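These are notes for a colleague who is opening this model now. The points can be read alongside the structure.

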Amino acid sequence: MLLPHPRTGDLFPSPVPPGSGWPGDPADASTPLAKTAAQVRRLAARAAAVDELDAEISMCRACPRLVKWREEVAVAKRKSFADQPYWGRPATGLGVDNPGIFIVGLAPAAHGANRTGRVFTGDRSGDFLFASLHRTGLANQAESVDAADGLRLLGTRMAAAVRCAPPANAPTPAERATCAPWLQAEWRMVGPSVRVVIALGGFAWRAALELIGSDLKPAPKFGHGAAATLTSVFGPVTLLGCFHPSQQNTFTGRLTEPMLDDIFVTAKHLVAEASGNEPGGS
């Protein structure tokens, strides 16, 4: 069944085939397809540019359980989105190619990025996150509704450690390991400009430590506002911990708007101290 994109009106099936005109789709029919962990490692290692990497990520089918789940969700849909097509593919990174701030999350939401095709977009967690990014000058607008809404991040990039929506928001250790080379390749490309990595939640904190290559013993512990100065292959990087903007955290007051704003303001100040300029650019 073909359904209209909520903004453009173009008709798409669910999941969305590559090269069919979905806003922001980086892939086409010629994009290499990873079907195994070994193929993920090979494609990630040889990717030479962010656009190329994003295209290959968006095509990945290396984790059978995650592929089955994301596509089942794309067909069944949530009742409130039953009149929309679902992206139903992995979510790529979002933001500038030379960020001062790199935000790492866990995985796409089944009816968020798995529906819209853009990380942290289309659910309440994304609403909370992007409103804060806008208030603190790291996004050009406060809402992230769909992949064609004009959102831009300023001096910032964000990515999920696992690129497919997992059942119960819980990827397995094997799925995490299979997906890790994508994030490592992204870090290889954008890491030289990064001065601050923000980890949204404990799993993202562990993924960031592995990404940066920290050898601190004992390993720095996660907590909201926790900070660790690490040495990456590109130089010093500050890792900041932040509670994940999940509904469980935001509805209970464990994470408030001022708490999240403070993390981003702190990150901006750290980037400014390191570079002499406020994070920005495109």
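This is a predicted model: local features need pLDDT of at least 70, side-chain atom pairs count only at pLDDT 80 or more; totals for chains, interfaces and linings use all residues.

1. Strand S6 (residues 196-200) and strand S8 (residues 235-242) run parallel and are joined by 5 bridges.

2. Two helices pack against each other: H1 (residues 37-46) and H6 (residues 173-190). Their axes are 8 Å apart and the angle is about 5°, so the two are roughly parallel. On the H1 side the contact involves Ala37, Val40, Arg41, Leu43, Ala44 and Ala45; on the H6 side it involves Thr178, Pro181, Trp182, Ala185 and Arg188. Sorted by class, this contact has 8 nonpolar, 1 polar and 2 charged residues.

3. The loop between helix H3 (64-76) and S3 holds Thr92. Is Thr92 buried or exposed? Its relative accessible area is 13%, and under 20% counts as buried, so Thr92 is buried. Setting aside neighbours within four places in sequence, Thr92 is in contact with Pro26, Asp54, Ile57, Ser58, Val119 and Arg163.

4. Arg78 also has its place in the loop between H3 and S3. With a relative accessible area of 42%, Arg78 is partly exposed. Not counting residues up to four places away in sequence, Arg78 touches Tyr86 and His111. Gly122 is 44 residues from Arg78 along the chain, and the C-alpha atoms of the two are separated by 12 Å.

5. The aromatic rings form 6 pairs. In one of them, the rings of Trp22 and Trp87 have centres 6.1 Å apart and planes at 45°, so this pair is tilted. The pair links distant parts of the chain, 65 residues apart: Trp22 is in the loop between strand S2 (11-12) and H1, and Trp87 is in the loop between H3 and S3. Both Trp22 and Trp87 are buried. Phe12 joins Trp22 and Trp87 in a cluster linked by ring pairs.

6. How are the rings of Trp205 and Phe222 arranged? Their centres are 5.8 Å apart and their planes are at 65°, so the pair is edge-to-face. Trp205 is in helix H7 and Phe222 in the loop between H7 and S7, 17 residues apart. Trp205 counts as buried at 2% relative accessibility, whereas Phe222 counts as partly exposed at 30%.

How values were computed
Residues are numbered from 1 along each chain as its sequence is written. Side-chain values use heavy atoms; hydrogens and water are left out. Axes are lines fitted to C-alpha atoms, for helices over the stretch in contact, and angles run from 0 to 180 degrees between N-to-C directions. Helices (H or I, at least four residues) and strands (E, at least two) are DSSP runs, numbered from the N terminus. Angles under 35 degrees count as roughly parallel, over 145 as roughly antiparallel, 65 to 115 as roughly perpendicular and the rest as oblique. Contact means heavy atoms within 4.5 Å. Ala, Val, Leu, Ile, Met, Phe, Trp, Tyr, Cys and Pro count as nonpolar, Asp, Glu, Lys and Arg as charged, and the others, Gly among them, as polar. Two strands pair if DSSP finds at least two bridges between them. Buried means under 20% relative accessible area, exposed over 50%, partly exposed in between (1.4 Å probe, protein chains only). Rings of Phe, Tyr and Trp (its six-membered ring) pair if their centres lie within 6.5 Å; planes under 30 degrees apart count as stacked, over 60 as edge-to-face and the rest as tilted.
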